[in-house]
Amino acid sequence: MSNQIKIAIDIDGVLRNFHMGFHKVLVSLGRYPAYKEPPAITEWVLRNFYNISAEEFYYIVFNSHHTGVIFRDAPMYNGARDFINSLCDEYQVGVITSQTHRSAYPTLEWLAHHDITRPSIHILRFDLGEKDKTQFGYDILLDDKPSNVQQFLDAGLGGVLYDQPWNQEADMFRVDTYSEFQNFIDDLGPNPSYPGI
Ligand SMILES: [Mg+2]
């Protein structure tokens with residue numbers, strides 16, 4: 001470990017294609033036509049693209065027998081494992097994800113299934129009201145959710161938004177690709193000043 005910077009990486013929307021896991025289950029339930037292309041998700045509220053209520057979304061995704069299928073079977077984004085392994089070669093790395101009592105364990109299985117074995121793992125239970133991703137002592141977070149990035153910035157830490165079609169509204173420092181993030185980290189000096197602080 002040549003560098004003591006501690007890097008936190010979000011899972012859903014950064015490493016795991018949660019949207020596709022959700023989409024496949026909605027198709028299997030007959031709630032979205034199998035012959036149609038998946039919708040282009042251009043806003044944060046995914047359920048708007050499937051015409052389901054907030055209550056039903058929460059039930060299907062986080063508190064039903066579909067939960068395990070969604071979170072275990074969602075594909076890994078191309079290059080995600082190599083990205084994590086490459087970061088782990090140089091830095092202290094943890095994944096921080098926000099899940100419920102039903103989605104936490106399938107998330108651990110997903111990491112194991114995809115052979116993402118090197119980072120520390122932190123799971124916030126948002127069904128218990130836990131939402132502070134800064135509490136684990138990391139210096140910088142890569143996340144697709146603007147409010148999570150903002151938590152780090154507000155704490156005087158580094159926050160980088162992972163560019164996705166559903167977070168285009170946020171005016172924050174962002175990266176498009178894993179290699180762009182890796183280059184950004186590699187270019188930080190020993191006493192970094194982070195953008196946006
Ligand atoms: Mg996310």
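**A helix and its hidden side**

Author: Let's start with helix H6, where Asn148, Val149 and Phe152 are buried. Keep in mind that this is a predicted model.

Reader: What covers the buried residues of H6?
Author: The cover includes S4 and S5. H6 spans residues 146-154 and lies across those two strands. Its direction makes an angle of about 165° with S5.

Reader: What comes just after H6?
Author: Gly156 does, with a positive phi of about 75°.

Reader: OK, strands now. How do S4 and S5 pair?
Author: In the parallel sense, over four bridges. S4 is residues 140-143 and S5 is residues 158-162.

Reader: Which residue in S5 is the bridge partner of Leu141?
Author: Gly159 is the partner of Leu141.

Reader: Is S5 mostly covered or mostly open?
Author: Mostly covered. Five of its five residues are buried.

Reader: Which way do they point?
Author: Gly158, Val160 and Tyr162 point one way from S5. Gly159 and Leu161 point the other way. All of them are buried. In a regular strand the side chains alternate between the two faces of the sheet.

Reader: Zoom out. How many strands does the sheet have?
Author: Six, in an open sheet with parallel pairing. The order is S3-S2-S1-S4-S5-S6.

Reader: Which are the edge strands?
Author: Strand S3 (120-125) and strand S6 (174-175). Each pairs on one side only.

Reader: Another helix, please. Which residues of H4 are buried?
Author: Phe83, Ile84 and Leu87 are buried in H4, which is residues 80-90. Seen down the axis of H4, its buried residues fall within an arc of 95°, so they line one face of the helix.

Reader: What covers the buried residues of H4?
Author: The cover includes strand S1 (6-9), strand S2 (92-99) and helix H7 (178-187).

Reader: Let's stay with H7. What can you say about Ile185 there?
Author: Ile185 lies in helix H7. Ile185 counts as buried because it has 21 C-beta neighbours inside 10 Å. The cut-off for buried is 20 or more.

Reader: Which residues is Ile185 in contact with?
Author: Leaving aside neighbours within four places in sequence, Ile7 and Tyr91.

Reader: How are Ile185 and Ile5 placed?
Author: They are 180 residues apart along the chain. Their C-alpha atoms are separated by 9.0 Å.

Reader: New topic: domains. What does the assignment give?
Author: Domain 1 is 6-16 + 77-188, and domain 2 is 18-73. The contact between them takes 13 residues from domain 1 and 12 residues from domain 2.

Reader: What kinds of residues are on the side of domain 1 that touches domain 2?
Author: Four nonpolar, five polar and four charged.

Reader: How far apart are the domain centres?
Author: The C-alpha centres of domain 1 and domain 2 lie 22 Å apart.

Reader: Last topic: loops. What is the phi of Asn51?
Author: It is near 55°, a positive value in a residue other than glycine. Asn51 is in the loop between helix H1 (18-28) and helix H2 (54-62). With 9 C-beta neighbours inside 10 Å, Asn51 counts as exposed.

Reader: And what about the phi of Asp115?
Author: Asp115 has a positive phi of about 60°, although it is not a glycine. Asp115 is in the loop between helix H5 (104-113) and S3. Asp115 counts as exposed, because it has 11 C-beta neighbours inside 10 Å.

Reader: Where is Gly129?
Author: Gly129 is in the loop between S3 and S4. Gly129 counts as exposed, with 7 C-beta neighbours inside 10 Å.

Terms used:
Residues numbered from 1 in each chain as written. Predicted model: local features only at pLDDT ≥ 70, side-chain atom pairs only at ≥ 80, totals over all residues. Buried ≥ 20, exposed ≤ 12 C-beta atoms within 10 Å, placed from the backbone. Arc of directions from axis to C-beta. Contact = placed C-beta atoms within 7 Å. Pairing = 2+ DSSP bridges. Axes fitted to C-alpha atoms, helices over the stretch in contact; angles between N-to-C directions. Domains from an automatic or database assignment. Nonpolar A, V, L, I, M, F, W, Y, C, P; charged D, E, K, R; others polar.
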